[in-house]
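I wanted a quick look at the charged side chains in this one. My notes follow.

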Amino acid sequence: MEDLHEAALAYYNNAPRDLQRLAWNFYLALDGDGDGRVSFIEYINFLQQSYVWIRPNFFRDLDRDRDGSLDFWEVLTLYYTVKTRGGVWCQGCQACLVGLYFTCVACFDCGSKTFDLCPACYKRRRFSHQHSFFLDNHVLLRAKKGLPPGATNVYQALVPQPAYRAPAAAMGDSDLMDTFQALEMGLATDKSRTCSIM
Ligand SMILES: [Zn+2]
Ligand SMILES: [Zn+2]
């Protein structure tokens, strides 16, 4: 969460005046009674109007000084989340995924809604899902860039064919080993490229 706050500050400090004003307008729109603070009620009212994908309990993460309301800089983190994250939440614990997280490769390849997990939920297998192959968001980004010839999606690129298993509720140790092996194979195909996506 601290990373997200720092990123929001960096974004704001480097933004031109008109973009900074948009962030201020966002803050003023949230502060319904104009008292200079955004209460939990104001936050909820605002979300219900425009951003239903943001979970109510995200307020707790935003409220860094734990005083029960949000000042401009705390709202700035919300603004940055709205602009850049588009609603990536852990399907296990409902936390907002702001750093490294795991995503289901099959769902990612479908181009529809992604199935995402925080590292803790993935590690402890606190989820129920029809697919079992997950990658962290950074690896996925690299894999997407380095698709070998003939592969049309990340799954084909990283999993030796035919290796697609029947959907499993949770990943066993051997699955995990397979995943790492598949991952190594996939990344090996990318050796000649330099990593410049970020
Ligand atoms: Zn989680
Ligand atoms: Zn999936």
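Is Arg64 buried or exposed, or partly exposed? I get a relative accessible area of 40% for Arg64, so I log Arg64 as partly exposed (buried is under 20%, exposed over 50%, partly exposed in between, with a 1.4 Å probe and protein chains only).

Ground rules: I'm on a predicted model, where local features need pLDDT of at least 70, side-chain atom pairs count only at pLDDT 80 or more, and totals for chains, interfaces and linings use all residues. Residues are numbered from 1 along each chain as its sequence is written, chains are lettered from A and ligands numbered from 1 in the order written, and side-chain values use heavy atoms, with hydrogens and water left out.

Salt bridges next. I count two, taking a side-chain nitrogen of Lys or Arg within 4 Å of a carboxyl oxygen of Asp or Glu.

Entry one: Arg64 pairs with Glu2 at 2.6 Å, N to O. Glu2 sits in helix H1 (residues 2–14) and Arg64 in the loop between H4 and E2, 62 residues apart (helices are DSSP runs of H or I, at least four residues; strands are E, at least two; numbered from the N terminus). Glu2 is partly exposed at 43%.

Entry two: Asp67 and Arg37 form the bridge with their closest N and O atoms 2.4 Å apart. Arg37 is partly exposed at 26%, and Asp67 at 40%.

I also checked Asp63. Asp63 is buried yet has no salt bridge; Arg66, the nearest side chain of opposite charge, is 5.4 Å away (Lys and Arg count as positive, Asp and Glu as negative; His and chain ends are not counted). The Asp63 side chain does reach the backbone nitrogen of Asp67 at 3.2 Å.

Terms used:
Polar contact = N/O pair within 3.5 Å; in protein donor to acceptor, adjacent residues only side chain to side chain.
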